[in-house]
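Trainee: Could we go through this model together, one question at a time?

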Amino acid sequence: MQPTVVRVARLSDPAGPADGVRVLVERLWPRGTARTAVVLDGWYRGLAPSDDLRTWYGHDPERFAEFAERYRAELREPDRAAALARLRELAGDGPVTLLTASGSPAISQAAVLAAVLTGE
């Protein structure tokens, strides 16, 4: 069985041959980004963290570990769990790149999702 390949990238990063399926995992479309300027295969709005969690976190690196824990708990909610299952199926078919508007993809919800999808 082949390992799941999941990458994390900024929405503004150019698409590459290793990207596989490119999926946006933000609740809202990022301001200032033209939809026609982005290579995108899907948009999983339902996987974004709640507004309360996102606001609390504020991309503070010192809060990332707790953010990741709280976000993983949110991913167990029925609607998010169903969306995560669909994304997991997609990742099982080949590489997936999770796209975020965050300036720090390594401490974004996309990084947490990638860890969940790869079993980390």
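Mentor: Gladly! Let us settle one term before we start: a residue is buried when its relative accessible area is under 20%, exposed when over 50%, and partly exposed in between, using a 1.4 Å probe and protein chains only. Helices (H or I, at least four residues) and strands (E, at least two) are DSSP runs, numbered from the N terminus. The model is predicted, so local features need pLDDT of at least 70 and side-chain atom pairs count only at pLDDT 80 or more, while totals for chains, interfaces and linings use all residues. Residues are numbered from 1 along each chain as its sequence is written, and side-chain values use heavy atoms, with hydrogens and water left out.

Trainee: How many of the nine residues of helix α4 are buried?

Mentor: Helix α4 spans residues 109–117 and is largely enclosed by the rest of the structure. Its cover includes β1 (6–10), α2, α3 (78–92) and β4 (96–100), where contact means heavy atoms within 4.5 Å. Among the buried residues are Gln109, Val112 and Leu117, and the count is nine of the nine.

Trainee: Which residue caps the N-terminal end of α4?

Mentor: Look for a side-chain oxygen that lies 3.2 Å from the backbone nitrogen of Ala110. The residue that supplies this oxygen is Ser108.

Trainee: What is the strand order in the open sheet?

Mentor: Two strands pair if DSSP finds at least two bridges between them. The sheet has four strands with parallel pairing, and β1 and β3 (42–43) are the edge strands, each pairing on one side only. Two bridges join β2 (residues 21–24) to β3, and the order is β1-β4-β2-β3.

Trainee: Which residue forms a stacked aromatic pair with Tyr57?

Mentor: Rings of Phe, Tyr and Trp (its six-membered ring) pair if their centres lie within 6.5 Å; planes under 30 degrees apart are stacked, over 60 edge-to-face and the rest tilted. Tyr57 is buried, with a relative accessible area of 3%. The stacked pair has 4.2 Å centre to centre and 15° between the planes, and the partner is Phe67.

Trainee: Why does that pair tie together parts ten residues apart in sequence?

Mentor: Phe67 is also buried, at a relative accessible area of 1%. The pair joins two helices, because Tyr57 lies in α1 (residues 51–57) and Phe67 in α2 (residues 64–74).

Trainee: Which ring does the charged end of Arg70 sit over?

Mentor: A charge counts as over a ring if NZ of Lys or CZ of Arg is within 6 Å of the ring centre and within 35 degrees of the ring normal. Here the charged end lies 4.0 Å from the centre of the ring, which belongs to Trp56.

How values were computed:
A polar contact is a pair of N or O atoms within 3.5 Å; within protein, one must be able to donate a hydrogen and the other to accept it, and residues adjacent in sequence count only if both atoms are side-chain atoms.
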